[in-house]
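Open the model in your viewer and keep the sequence panel beside it. The stops below say what to select next and what is there.

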Amino acid sequence: MNLKNMTLLFIGFGMIAITACSSKDKKQTTNDKTDTAILVTVATASAAEQKELNISGQIEAAQSANISTRLMGYITKLNVKVGDHVNKGQLLVSISNDDILAKRAQADAMLNEAEASLKNAAKDYERYTNLYKQQSASAKELDNITLQYNASRSRVEAAKQSRNEVDAMLGYSNLTAPFSGIVTQKLADAGSMANPGMPILTIEKSGTYQVSASVPENSINQIHQGAEVMITIKAINKTIKGTVSQINQSSQFTGGQYIIKISLPDHEKNGLYAGMYANVLIPVKNSDTIKTSSDEVMVPVSSILYKDQLTGLFTVGSNNTALLRWVRLGKNAGDKVEVLSGLEKNEQFIVSAEGKLYNGAIIKIK
């Protein structure tokens, strides 16, 4: 065998060896990818019936009051601040009342004058009555004295009512708490000008909490007064059973939403604060009357991924890879949420995974 043939033989054996090694490496890589694939559970986006109504609400005080005055004057004292507990009848705000005190002094003087005149008219009336009985005074004279007496009585009554009016106005210069509660808002400070009807403080009755929620018009006919609902308050990780106590029959001033009130048991009100957001789950009696449209795409809330201001979910891409898809969400229906865009009906998406998913991760469907 010459040198040229031996060279070609060695080259052939080398190429066979390289090919074998490459095939082995490729097989090993494929096996490694299969072994490291993340096990996932997938589902198909579809429409669903709404058996429960999931709405958002807010904790609020069952009784609250805005403290204002009918006077115009400077606030001389403001005895409370936000967060203070107040008792019924406690003095909260004092407003300058020098002008009203002057009017009360005038009313007192007018009342004293009217009462003195009445005493004199009463004596004359008594005297002329006795003279008339003795036929020493004419009926005309008695009529005149009687008229003067009645006029004096009327002037006394008018003076008393003027005094009562001034006292009523004076009462608006010292504002007291209408009930025991907590000061939740202070809208003015000492030295500010108080105007009639403008709130100075807001007081909420402590311990009387309820939930206020908005219901869309296509669901309001499924809610009845006295129905039991489940309320979840994420801020304190608490679930409470409540009762629908009030249903507003008009949505004219609430943007097409009907406001309902949900009462809470007294023993569940500890730890609640007005303003906390609540999730209200209301069982629907006739679920067949509230069906989602066949074009709506519903997915479980648990499959949604939240990142900054974006929402998305993982779909199944080519070659069994996870593909992150950003979507736009709509209304909630129980444990499902509507996908407005980003996912087509009957398209597969990943519900759960036994590992941390990322865009392009190798997956294996259970």
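Which residues does Ile-260 touch, not counting residues up to four places away in sequence? Select Ile-260 and look around it: Ile-55, Val-211, Ser-212, Ala-213, Val-215, Ile-220, Ile-223, Gln-246, Ile-247 and Ile-282 are in contact with it (contact means heavy atoms within 4.5 Å).

Before going on, some ground rules. This is a predicted model, in which local features need pLDDT of at least 70 and side-chain atom pairs count only at pLDDT 80 or more, while totals for chains, interfaces and linings use all residues. Residues are numbered from 1 along each chain as its sequence is written, and side-chain values use heavy atoms, with hydrogens and water left out. Helices (H or I, at least four residues) and strands (E, at least two) are DSSP runs, numbered from the N terminus.

**The cores**

Ile-231 and Ile-260 have the most contacts inside the largest nonpolar core, which has 25 residues. Such a core is a set of buried Ala, Val, Leu, Ile, Met, Phe, Trp, Tyr and Cys residues joined through side-chain atoms within 4.5 Å. Buried means under 20% relative accessible area, exposed over 50%, and partly exposed in between (1.4 Å probe, protein chains only). At least two residues of this core come from each of β2 (52–61), β11 (209–216), β12 (228–233), β13 (238–247), β14 (257–263) and β15 (277–283). β11 gives the most, with 4 residues. Another core, of 18 residues, lies apart from it; Val-93, Ala-177, Ala-194 and Ile-200 are among them.

**Helix α3**

Select 139–171, which is α3. This helix has 33 residues and reaches 48 Å from its first C-alpha to its last, close to the 48 Å expected at 1.5 Å a residue (1.5 Å times one less than the number of residues). Its buried residues include Leu-142, Tyr-149, Val-156 and Leu-170. What do the buried residues of α3 pack against? They pack against α2 and β7 (174–176).

**Two open sheets**

Next, show the strands; two of them pair if DSSP finds at least two bridges between them. β4 (residues 73–78) and β6 (residues 91–95) are joined by 3 bridges, and Lys-77 stands opposite Ser-94 in β6.

The order β3-β10-β8-β5 belongs to an open sheet of 4 strands, also paired antiparallel. β3 (64–67) and β5 (85–86) each have a single partner strand, so one side of each is left without a neighbour in the sheet. β3 pairs with β10 (residues 201–204) over 4 bridges; find Asn-66 opposite Thr-202 there.

**Two loop residues**

Most residues other than glycine have a negative phi. Go to Gln-135, in the loop between α2 (98–133) and α3, where phi is near 60 degrees. Gln-135 is exposed, at 76% relative accessible area. Then go to Asp-308, between β17 (305–307) and β18 (310–316): phi is about 55 degrees, and this residue is exposed at 75%.

**Confidence**

Last, colour by pLDDT, the predictor's confidence in each residue from 0 to 100. The mean is 83; confidence is lowest in α1 (residues 3–36), at a mean of 52, and highest in β6, at 95. Over residues 23–34 pLDDT stays under 50, and the model has 1 contact beyond four places in sequence for them. Where pLDDT is low, the predicted coordinates should not be read in detail.
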